[in-house]
Amino acid sequence: MKKLIALILAPLCLLGLVACFPVDPGYGNTVAYAGWSDDPMIADGALNKGQLTNENGNHLPIFKFDTLDDLNQFKAKYGGVLAMDQGYNSVLSFNEALSKAQWDREYFFKDHSLLAVYVPANSGSLRFALHNIEVTYESVCVYVEQTNRPEVLTDDMAGWFVLAEVADEEIRSCYAFDAIFVNSEK
C-alpha cells in the first residue's frame, strides 16, 4: 500500500515542480529597451489604436512588420520618440535585440513577420515578457506579463518592446491585432 501511495504522489510532486517554470509561448521572442514616452503618435500609429482608449487600460500599442522596409520606416518614424540604440542595465537596445535575433535581415521577412508591443512602465525596475500569443482565423492577440515583483522601485519612467516572430502562414488571414497586459501573479 505504501508503494502505491508513493507511486501516486511522486508524479504529483513532479507536476508541482514543473508548474513553477515559465511556459514557452512557442514563438521566438525577446525584450528590448524602448525608453519612455507619452507621445500620442505611438497610440495613433498602433494597429490597435481604437482599443488603447479602452476603459480597463490593459491594452498596449502593437505594431507589425512584414518587410525590412516596414521595420526601417518604424525606426525612422519613432526614432525621435523612443530609444532605438539605447539599452538599459542588462536589457539590449531595440537595434541590438533585432540584430542578435537576426530580425533585421531581409531573409527573415521572407516567411515571417515581427510583432512589437510597446510596454510603458512607471519604473525602470519592472521587467516584462511575452506571456502568450493567441491566433484565430482573423485576429492576433499578444499577451504581455510582468516578470518580477521588486520590493523597491526606481522612480524613473521606462518603456520596453516585447518582440515576437510569427510565421506569415499562421497570420496570413488576420486583420485585427491587439496586445493586452495580463496580471499573472508570481
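Okay, let's start with the lining of the second largest pocket: helix 2 and strand 3 (112–121) each put in at least two residues. Helices here are DSSP runs of H or I with at least four residues, strands are E runs of at least two, and both are numbered from the N terminus.

Quick caveat: this is a predicted model, so local features need pLDDT of at least 70 and side-chain atom pairs pLDDT 80 or more, while totals for chains, interfaces and linings use all residues. Residues are numbered from 1 along each chain as its sequence is written, and side-chain values use heavy atoms, without hydrogens and water.

Back to the lining. Helix 2 gives the largest share, three residues. By class we get eight nonpolar, one polar and two charged residues; Ala, Val, Leu, Ile, Met, Phe, Trp, Tyr, Cys and Pro count as nonpolar, Asp, Glu, Lys and Arg as charged, and the others, Gly among them, as polar.

Now Asp44, which sits in helix 2 (residues 40–45). Is Asp44 buried or exposed? Asp44 counts as exposed because its relative accessibility is 52%; the cut-offs are under 20% for buried, over 50% for exposed and partly exposed in between, with a 1.4 Å probe and protein chains only.

Last topic, salt bridges, meaning a side-chain nitrogen of Lys or Arg within 4 Å of a carboxyl oxygen of Asp or Glu. The whole structure has two. Lys64 pairs with Asp66, with closest N and O atoms 2.8 Å apart, and Arg105 pairs with Asp104 at 2.7 Å. Lys64 is partly exposed at 25%, and Asp66 is partly exposed at 31%.
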